[in-house]
Amino acid sequence: MKLQPDLKMTGLEDLEESRKNRPSLASVVIHLILIILASAVILPLILPFLFAFKTPLEFAYHPWNLPQQFRLENFQIAWEAVKLGQGMFNTFIVCLGAILTTVPPAAMAGYIFSRYRTKVTNVLFYVVMAGFFVPAQMVLIPLYKLDLKLQLINTLPGLFLAIATFGIPFWTMIYRSFFSTLPAELMEAAKIDGAGHWMIFFRIMLPLTKSASILAVLLTFMGAWSDFMLSLILLNSQNLFTLQLRVSQFMGQMGANYFPQYAAGVIISAAPTIILYIIFRKKIIEGTTLAGALKG
């Protein structure tokens, strides 16, 4: 006789528990929006792999099906048709130049703005930071005229110097934040031991910002590798075209019938940055998290 109330109570508890576990309408809508946003990011990365291994005929009839056979000749055609090798070589030069003209000046400026704070350096820091808030699209014409005046138009140095112009303000801010977290006693101890400014910077302070330097090198490389807009504006000669410009001219030269080969070219152009991200993903996530915390 005593079991009946217990059973009723258990049934009510189960009903209440299932009601709690039932997803609310707001939760369903939020998850649906997140799935759509994630698909918008992931699908463009997946589609080239779906197209690149098909023949033009197979792509025309079954564009969304999995390839019947994994053909690698599309990659060879793409490599030779628009000279992707030459574009890759030019892009490596641009990336190397962008790293050398962005990271060392930003590290030095960040160190000065962090450790030698005066009214003058504070004003200079905000002048440099003003460049961070100027979109590249707003200054394309002045930038083109400046390159033309300096006879850097249609040259690879003219391109990587322009990329560095937009990268230095951001990395100066990041380095300043990193250097500000280091104890000032390190500098004082080094000065007492007779170290000069250069030795303190290169031998003591800079090695302590290793995570920031790795992050700066990787993201500057990826940014320069993926650049399209500045390359399109500042380069005219096909011999100097970067990899992104080479891939973009594929459709113009070969036509829409060669879409699988175009997809193969896209995979080739994206491969170095994807490989770099896979290898250094932990460093990138750690550095980005730390930089975001310091910047905030």
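The model is predicted, so local features need pLDDT of at least 70 and side-chain atom pairs count only at pLDDT 80 or more, while totals for chains, interfaces and linings use all residues. Residues are numbered from 1 along each chain as its sequence is written, and side-chain values use heavy atoms, with hydrogens and water left out.

**Charged residues**

- Side chains of opposite charge can pair when their charged atoms come close.
- Searching the whole structure turns up one salt bridge (a side-chain nitrogen of Lys or Arg within 4 Å of a carboxyl oxygen of Asp or Glu).
- That contact joins the side chains of Glu58 and Arg71, with 3.1 Å from N to O.
- Glu58 sits in helix α3 (residues 56-61) and Arg71 in the loop between α3 and α4 (73-81), so the pair ties together parts that are 13 residues apart in sequence. Helices here are DSSP runs of H or I with at least four residues, and strands are runs of E with at least two, numbered from the N terminus.
- Glu58 is buried at 9% relative accessibility, and Arg71 is buried too, at 16%. Buried means under 20% relative accessible area, exposed over 50%, and partly exposed in between (1.4 Å probe, protein chains only).

**Asp227, a buried residue without a salt bridge**

- Where is Asp227 found? Look in the loop between α11 (210-226) and α12 (229-234).
- Asp227 is buried yet has no salt bridge, and the nearest side chain of opposite charge, Arg246, is 14 Å away. For charge, Lys and Arg count as positive and Asp and Glu as negative, while His and the chain ends are not counted.
- A polar atom of the Asp227 side chain lies 3.5 Å from the backbone nitrogen of Leu230.
- Leaving aside residues up to four places away in sequence, Asp227 touches Leu159, Ile163, Thr242 and Gln244 (contact means heavy atoms within 4.5 Å).

**Transmembrane regions in the record**

- An unreviewed UniProt entry lists residues 28-53, 89-111, 123-144, 156-179, 200-225 and 259-280 as "transmembrane region". Such annotations may be inferred rather than shown by experiment.
- Residues 28-53 are 92% helix and 0% strand, with their end C-alpha atoms 37 Å apart.
- Residues 259-280 are 100% helix and 0% strand, and here the end C-alpha atoms lie 32 Å apart.

**Aromatic rings**

- How many aromatic pairs are there? The count comes to 22, where rings of Phe, Tyr and Trp (its six-membered ring) pair if their centres lie within 6.5 Å, and planes under 30 degrees apart count as stacked, over 60 as edge-to-face and the rest as tilted.
- Phe125 and Tyr126 form an edge-to-face pair, 5.4 Å centre to centre with 65° between the planes. Phe125 is buried at 6%, whereas Tyr126 is exposed at 56%.
- Trp198 and Phe202 are stacked, 5.8 Å centre to centre with 10° between the planes. They are four residues apart in helix α10 (residues 197-205), so about one helical turn separates them.
- Trp198 is exposed at 59%, and Phe202 is partly exposed at 39%.
- One aromatic cluster is formed by Tyr111, Tyr116, Tyr175, Phe179, Trp198, Phe201 and Phe202.

**Thr172**

- Thr172 belongs to helix α8 (residues 156-181) and is buried, at 0% relative accessibility.
- Its side chain reaches the backbone oxygen of Ile168 at 2.7 Å.
- Apart from residues up to four places away in sequence, Thr172 touches Ala106, Ala109, Gly110, Phe113, Phe125 and Val128.

Terms used. A polar contact is a pair of N or O atoms within 3.5 Å; within protein, one must be able to donate a hydrogen and the other to accept it, and residues adjacent in sequence count only if both atoms are side-chain atoms.
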